[in-house]
Amino acid sequence: MANTSYPASYYAASANPAPSRPALQGEVETDVCVIGAGYTGLSSALFLLENGFKVTVLEAAKVGFGASGRNGGQIVNSYSRDIDVIERSVGPQQAQLLGNMAFEGGRIIRERVAKYQIQCDLKDGGVFAALTAKQMGHLESQKRLWERFGHTQLELLDQRRIREVVACEEYVGGMLDMSGGHIHPLNLALGEAAAVESLGGVIHEQSPAVRIERGASPVVHTPQGKVRAKFIIVAGNAYLGNLVPELAAKSMPCGTQVIATEPLGDELAHSLLPQDYCVEDCNYLLDYYRLTGDKRLIFGGGVVYGARDPANIEAIIRPKMLKAFPQLKQVKIDYAWTGNFLLTLSRLPQVGRLGDNIYYSQGCSGHGVTYTHLAGKVLAEALRGQAERFDAFADLPHYPFPGGQLLRTPFAAMGAWYYGLRDRLGF
Ligand SMILES: Cc1cc2nc3c(=O)[nH]c(=O)nc-3n(C[C@H](O)[C@H](O)[C@H](O)COP(=O)(O)OP(=O)(O)OC[C@H]3O[C@@H](n4cnc5c(N)ncnc54)[C@H](O)[C@@H]3O)c2cc1C
């Protein structure tokens, strides 16, 4: 069997030491079989283990191989579409439940980091940067909205104030969320995997689930073994392929690209981001960036619909970085990589149950670091028979992409082109 290792990212190069976990051989029995060792799978496994379940995690490649080990590392609150959109779509009662959960994921991450002493360069503070007066107006209403749901660590930044936290001339203002922040994402996943094992959970790497035998006592097959379980949690997200055909129809894997500069040194790094906050702009096709523990700039942006890997990532992302920070013209790019997130048409996550015992959560559409940690808790609650919060997500309506699997990529790309144009024209 092929041994799938990490992409050549900055994160893989600076990962904390981790054991290599043997592939599943033979047959095992457990309470819950989790498919996928990204944040969704690991968070589910941790909450289940903390509540007395026996858990086996199957990972096709390595812990954090997917988006969880490649992302921008930004702890961003709420969902990819905000609570007001949810309210318009499903009404005030369900929106209230979902709104109450919108800031929990970030708290879960911090609890995990503290409880299991995870070394992942956690820093507090995230900035949403407005490029236009319209975007600034949107941030003002977002602040009011989030405060309505009890989220208070927010500060609006005027043009003068945003210059104090980010040395980019493009912004007209912004909003600082002190409960946002950033992490080394792969080290967070590796720390969570170690926590799973410390509680008796078992993780098999290089063990793709290739078939699920459904029924009262479902069985997950891998190339060299099988897991019989009472419950299955499907957490393969954009890397799942067609293992569960019902899940492939209403979502689309998309690629997004990230670069990491050479270390900038304390002085230059401090001049760009004096408070070490992370930043994302307010465009639909947004740019996001932050400093690493060793003072590199990590810069991400760009979306490839249908998740094809672009030939030259640096050529796509470096110009965006130089637009924000022309002062980095002479700086070398040490790493460039791509990763896949899962887009849904509504940009809200898909959560649900197939039959009585197969649960899933996927498709948080770009902002998933906090949501996936919440998802693990909500799935674990549902398996324990407390489904109110699970149902609030499961009841969100989801629609297939127009054009089906064949045409969904060009349709979504057209949509993105339209929104990209609106960003450029400042609408
Ligand atoms: C480049 C990039 C930058 C991003 N930046 C941010 C950011 O800054 N902030 C933010 O909030 N969100 C960001 N996101 C989104 C966020 O990273 C994801 O939403 C989140 O990590 C998804 O976690 P997950 O566990 O659901 O999926 P993944 O982390 O993708 O994990 C799925 C795992 O399942 C495994 N798997 C798949 N199929 C099988 C199978 N059949 N058998 C066994 N294992 C299987 C995969 O190998 C993989 O390890 C970014 C995403 C990308 C790609």
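Two residues are in contact if their C-beta atoms, placed from the backbone, lie within 7 Å. Keep that cut-off in mind for the stops where residues touch. Note also that this is a predicted model.

**Stop 1: the whole chain.** The secondary structure comes to 14 helices and 17 strands. The radius of gyration is 21 Å, close to the 22 Å that the globule rule gives for 427 residues, so the chain is as compact as a globular protein of that length. Along the principal axes, the C-alpha atoms fill a box of roughly 60 × 45 × 45 Å. Buried residues make up 50% of the 427 residues. Among contacts with a separation of 6 or more, 76% are between residues 24 or more positions apart.

**Stop 2: the two domains.** Colour domain 1 (10-70 + 186-250 + 346-396) and domain 2 (123-182 + 252-343) separately. Taken over C-alpha atoms, their centres are separated by 29 Å. Where they meet, 12 residues of domain 1 are in contact with 15 residues of domain 2. On the domain 1 side, the touching residues are 5 nonpolar, 6 polar and 1 charged.

**Stop 3: glutamine 362.** Select strand S17 (residues 358-362), then glutamine 362 within that strand. Is glutamine 362 buried or exposed? A residue is buried if 20 or more other C-beta atoms lie within 10 Å of its own. Glutamine 362 has 26 C-beta neighbours inside 10 Å, so this residue counts as buried.

Next, show what glutamine 362 touches. Leaving out residues up to four places away in sequence, select Asn237, Leu247, Ser251, Leu342, Pro349 and Gln350. To finish, draw a distance between the C-alpha atoms of glutamine 362 and serine 251: these atoms are separated by 8.8 Å, while the two residues are 111 residues apart along the chain.

Technical notes: Residues are numbered from 1 along each chain as its sequence is written. This is a predicted model: local features need pLDDT of at least 70, side-chain atom pairs count only at pLDDT 80 or more; totals for chains, interfaces and linings use all residues. Domain bounds come from an automatic or database domain assignment. Ala, Val, Leu, Ile, Met, Phe, Trp, Tyr, Cys and Pro count as nonpolar, Asp, Glu, Lys and Arg as charged, and the others, Gly among them, as polar. Helices (H or I, at least four residues) and strands (E, at least two) are DSSP runs, numbered from the N terminus. The radius of gyration is taken over C-alpha atoms; the globule rule is 2.2 Å times the number of residues to the power 0.38. A residue is buried if 20 or more other C-beta atoms lie within 10 Å of its own, exposed if 12 or fewer, and partly exposed in between; C-beta atoms are placed from the backbone.
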